Amino acid sequence: MRTFPAGFVWGAATAAYQIEGAAKEDGRGQSIWDTFSATPGKVAGGDTGETATDHYHRYREDVALMRSLGLGAYRFSVAWPRVQPDGGGAVNPLGLGFYDRLVDELLAGDITPYVTLYHWDLPQALEDRGGWANRDTAYRFAEYAQAVHDKLGDRVREWTTLNEPWVAAFLGYGNGVHAPGRTEPADALRAAHHLLLAHGLGTKVLREAGAERIMLVINSAPVFTPAQVHDPAAPVSEADAEAVARIDALLTRQFLDPALRGRYPEELVAAHAPHVRDGDLELINQPIDLVGINYYNPTVVEAAPGTPADPAWPGSQGVRFCPVDGPATAMGWPIVPSGLSRLLVRLGRDYPEVGLMVTENGAAFDDTVEDGRVHDADRLDYLRTHLRAVHDAIGEGADVRGYLVWSLLDNFEWAEGYRKRFGIVHVDYGTLTRTPKDSALWYRDAVSANAV
Ligand code: FCB
């Protein structure tokens, strides 16, 4: 048994568009994901978030599920288009009312709410005015943050500004795989900067309003050469080291260096110069308490002269993204638990001024329900080995405060629709019945023992 430090936070994560449904209820406005998923060919199976898991109506049952698993924390996101249907101005009290009830329900069950303000569901009205490529969106975000804090700030202590700005910018505006589906690499970089600006402005607003802890959540991963995946000491050529550094700059330092140090990494200063205004980096560099890490697999690259830039990775010409040998999840993502410990140790060393939290980690597998049970041994093993990796990282000095499994429920997995199941609780999309999988029951025992 490996026991975690006292006070280690155990929980689960979700996001509004992936679970809520009720897309047209109580005055909710349209989001870019409504538009995108209604566009033929964008989402597998033509799936949309219109009903999702119907969490909007079943949140009491879902909170009861969390209680039955003994979870201490629940990370969810607020849907901006519920709060400001037109992306700005008037606040919709019915939309905020949902989160008000959810927070009360969580607190009554001794579950700490971790509120994420932006998990990708931009109001369509803002996208119509340029979306994240428009600087003004950052200022609208700060107003929205204020409105949510006004309503929930008396009870919510844990605030996250953004989830995975890399994905929002580079899949949304770079390769177009996510909403709004634009393919303009220069706008993707602009979007990344404006997301960071939104983070800074939002953090300022939250801090002034008295928020206790503020976090920025990024999708981070260690960047390895193929040989380094299984052998950290493998020799690396100069050309490969340069490729690794360039991709690491885009994925991780592009966000943490401005947020924590007030500067872009050297590799990206020129790329951002056209849209950075005087004072922006100071605004972005607001003190925060935690960095949340969403980890699924390492990123593996090597130098390959002549390779064109990948549209999700502006400036990546000459870099090849490599497959990894060995087991993979249903997403095709390689399973490399040691990547998580190596990542956490490195971030702890490079950014000692903040605490770390694993805000997402988990796996999709093809589950089947048999006699009311889901024997998801692969997922259980994924969670166990990654939690061991977190424990290893803590042993090596990383200040990791908690672990939130992705996800509580099977849900709308963005461009993959409903066919990829990440939940520790199975959802039957016909009946909306919830069935805890074996991994959920195992997780319940780990939570209660504070050990794996
Ligand atoms: C992350 C997202 C989350 C979920 C997982 C699988 O990038 O933050 O919403 O889709 O991937």
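**Buried contacts, helix packing and aromatic pairs**

Apart from residues within four places in sequence, Thr 160 is in contact with Val 115, Thr 116, Leu 117, Met 215 and Val 217. In this predicted model, Thr 160 belongs to strand β4, which spans residues 158-163. Because its relative accessible area is 1%, and residues under 20% count as buried, Thr 160 is classed as buried. Thr 160 and Arg 213 are separated by 53 residues in sequence, while their C-alpha atoms lie 8.4 Å apart in space.

The largest nonpolar core contains 156 residues, among which Trp 33, Tyr 118, Trp 132, Leu 344 and Tyr 443 touch the most other members. Helix α9 (residues 185-208) contributes the largest share of this core, namely eleven residues. When residues up to four places away in sequence are set aside, Trp 33 touches Tyr 17, Val 43, Trp 120, Asp 121, His 178, Ala 179, Phe 412, Trp 414 and Ala 415. Trp 33 also takes part in one aromatic cluster together with Tyr 17, Phe 36, Trp 120, Phe 412, Trp 414, Tyr 418 and Tyr 429.

Helix α9 is also packed against helix α7 (residues 136-152), the two axes coming within 8 Å and crossing at roughly 35 degrees. The crossing of α7 past α9 is right-handed. On the α7 side the contact is made by Ala 138, Tyr 139, Phe 141, Ala 142, Ala 145, Gln 146 and His 149, and on the α9 side by His 194, Leu 197, Ala 198, Leu 201, Gly 202, Val 205 and Leu 206. Of the residues in this contact, ten are nonpolar and four are polar, whereas none is charged.

Across the whole structure, a search finds 32 aromatic pairs. One of them joins Phe 98 and Tyr 99, whose ring centres are 4.9 Å apart and whose planes stand at 75 degrees, so that the pair is edge-to-face. Phe 98 counts as buried because its relative accessibility is 0%, and Tyr 99 is likewise buried, at 0% relative accessibility. A further edge-to-face pair is formed by Tyr 296 and Phe 422, with 6.0 Å from centre to centre and 80 degrees between the planes. This pair links distant parts of the chain, given that Tyr 296 lies in the loop between β7 (290-294) and β8 (299-303) and Phe 422 in the loop between β11 (400-406) and β12 (425-427), 126 residues apart. Tyr 296 and Phe 422 are both buried.

Terms used: Residues are numbered from 1 along each chain as its sequence is written. This is a predicted model: local features need pLDDT of at least 70, side-chain atom pairs count only at pLDDT 80 or more; totals for chains, interfaces and linings use all residues. Side-chain values use heavy atoms; hydrogens and water are left out. A nonpolar core is a set of buried Ala, Val, Leu, Ile, Met, Phe, Trp, Tyr and Cys residues joined through side-chain atoms within 4.5 Å. Buried means under 20% relative accessible area, exposed over 50%, partly exposed in between (1.4 Å probe, protein chains only). Helices (H or I, at least four residues) and strands (E, at least two) are DSSP runs, numbered from the N terminus. Contact means heavy atoms within 4.5 Å. Axes are lines fitted to C-alpha atoms, for helices over the stretch in contact, and angles run from 0 to 180 degrees between N-to-C directions. A crossing is left-handed if the near helix is turned anticlockwise from the far one by less than a right angle, and right-handed if clockwise. Ala, Val, Leu, Ile, Met, Phe, Trp, Tyr, Cys and Pro count as nonpolar, Asp, Glu, Lys and Arg as charged, and the others, Gly among them, as polar. Rings of Phe, Tyr and Trp (its six-membered ring) pair if their centres lie within 6.5 Å; planes under 30 degrees apart count as stacked, over 60 as edge-to-face and the rest as tilted.
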